[in-house]
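Here is a friendly walk through a protein model, from its overall build down to a few backbone details. Have the viewer open as you read.

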Amino acid sequence: MPEPTAGPAGEPLSGGFVADVVRIGDTVRRTPPANLDFVGALLRHLAGVGADLAPHHLGVDAHGRQMLSYVAGRVPWRDREDPAFFSDAALVRLAELIRRLHDACAGTGLAGDAETVCHRDLSPKNTVYRDSPAGPLPVAFLDWDLAAPGRRIEDVSFAGWHWAALGEGADPVELGRRCRLLCDAYDAAPTATAPATLARAELVGVMLDQIESTWRGIDAGADRDEPGMRRLRDQGAVNGIRSWQNWLQSNRAIVAAALEV
Ligand SMILES: Nc1ncnc2c1ncn2[C@@H]1O[C@H](COP(=O)(O)OP(=O)(O)O)[C@@H](O)[C@H]1O
Ligand SMILES: [Mg+2]
């Protein structure tokens with residue numbers, strides 16, 4: 001269990017680009033998100049309904065850091081670390097986890113008038129994997145700082161472009177195929193609630209909007225001198241993500257066709 005008075009030291013955790021994150025025993029301490037109360041309520045809700053896909057919220061420590069339970073497993077935090085993290089089996093499990101999240105939040109006060117609550121930052125770096133006979137499979141999502149009410153399609157679209165290659169040299173048919181796999185697995189996931197079918201015809205448009213707001217967000221944050229955003233822009237993230245947007249725009253029809261097959 002956490003020691004509320006533990007000092008700022010601890011084992012730094014890899015894969016973070018924004019928050020300061022350290023592990024102390026079974027806990028993780030990190031820079032609190034701006035929406036700490038919402039994230040706390042969301043993580044408590046997920047734990048309460050047994051969704052088992054997120055760290056537990058343990059409050060705030062004496063240094064004002066967000067305290068979470070440490071989720072054991074492997075986080076693919078380097079780009080394309082191991083192709084096994086991007087297997088079809090991993091994509092299917094990923095879609096099932098997203099569906100579990102959305103079903104757990106649909107119709108709750110957390111979602112308000114929206115369809116559900118979205119994580120809004122689903123990327124391999126924010127996903128814990130564990131080994132299985134089918135290879136490493138996602139078991140939990142980290143980094144809930146951007147979680148907010150939203151539409152189911154948003155998380156699926158976001159995952160779609162974060163678990164695929166985009167840009168010069170990438171295969172748009174493969175991006176479409178991977179998105180189709182996600183949508184099929186999401187739609188087919190067993191659920192206790194009403195069946196949900198994704199509006200997959202909207203997926204590429206949602207993806208283009210997300211890619212654009214991602215580079216614009218980094219650019220604006222860097223202009224405001226936010227250190228994490230400055231670092232990302234210095235590493236070329238804004239130009240890189242803009243080039244993905246142009247690539248997707250040019251290949252839009254091919255991706256959409258592969259998605260609908
Ligand atoms: N609860 C946790 N359990 C296990 N590892 C964690 C946990 N929280 C964070 N990490 C590790 O720390 C990294 C950075 O944490 P994250 O919450 O994603 O912060 P950032 O905003 O910096 O991306 C993650 O990629 C993961 O490797
Ligand atoms: Mg992160």
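The report below goes from the whole chain to its domains, its sheet and some single residues.

## Ground rules

This is a predicted model, in which local features need pLDDT of at least 70, side-chain atom pairs count only at pLDDT 80 or more, and totals for chains, interfaces and linings use all residues. Residues are numbered from 1 along each chain as its sequence is written, while chains are lettered from A and ligands numbered from 1 in the order in which they are written.

## Overall build

The protein has eight helices and nine strands; helices (H or I, at least four residues) and strands (E, at least two) are DSSP runs, numbered from the N terminus. Its radius of gyration is 18 Å, close to the 18 Å that the globule rule gives for 261 residues, so the protein is as compact as a globular protein of that length. Here the radius is taken over C-alpha atoms, and the rule is 2.2 Å times the number of residues to the power 0.38. Along the principal axes, the C-alpha atoms fill a box of roughly 55 × 45 × 40 Å.

Of the 261 residues, 36% are buried. A residue is buried if 20 or more other C-beta atoms lie within 10 Å of its own, exposed if 12 or fewer, and partly exposed in between, with C-beta atoms placed from the backbone. Among contacts between residues at least 6 apart in sequence, 70% join residues at least 24 apart; a contact means that the C-beta atoms, placed from the backbone, lie within 7 Å.

## Two domains

The protein splits into domain 1 (11-69) and domain 2 (83-260), with bounds that come from an automatic or database domain assignment. Their C-alpha centres lie 21 Å apart. Where they meet, 16 residues of domain 1 are in contact with 17 residues of domain 2. On the domain 1 side, the touching residues comprise 14 nonpolar, two polar and no charged. In this count, Ala, Val, Leu, Ile, Met, Phe, Trp, Tyr, Cys and Pro are nonpolar, Asp, Glu, Lys and Arg are charged, and the others, Gly among them, are polar.

## Sheet and hairpin

Five strands form an open sheet in the order E1-E2-E3-E5-E4, with antiparallel pairing; strands pair if DSSP finds at least two bridges between them. Strand E1 (11-12) and strand E4 (57-60) are at the edges with a single partner strand each, so one side of each is left without a neighbour in the sheet. Within the sheet, E3 (residues 27-30) and E5 (residues 66-69) are joined by four bridges, and Arg29 stands opposite Met67 in E5.

Elsewhere, E7 (residues 127-130) runs antiparallel to E8 (residues 137-141), again with four bridges. Arg130 faces Leu137 in E8. Six residues lie between the strands of this hairpin, where Gly135 takes a positive phi near 100°.

## A covered helix

Ten of the eleven residues of helix H3 (residues 152-162) are buried, including Ile153, Phe158 and Trp161. Their cover includes helix H2 (88-105), strand E6 (116-118), strand E9 (148-150), helix H4 (172-188) and helix H5 (203-223).

Most residues other than glycine have a negative phi. Arg120, in the loop between E6 and E7, has a positive phi of about 70°. Arg120 counts as partly exposed because it has 16 C-beta neighbours inside 10 Å.

Asp225 also has a positive phi, of about 75°, and lies in the loop between H5 and helix H6 (227-234). With 8 C-beta neighbours inside 10 Å, Asp225 counts as exposed.

Methods: Contact = placed C-beta atoms within 7 Å.
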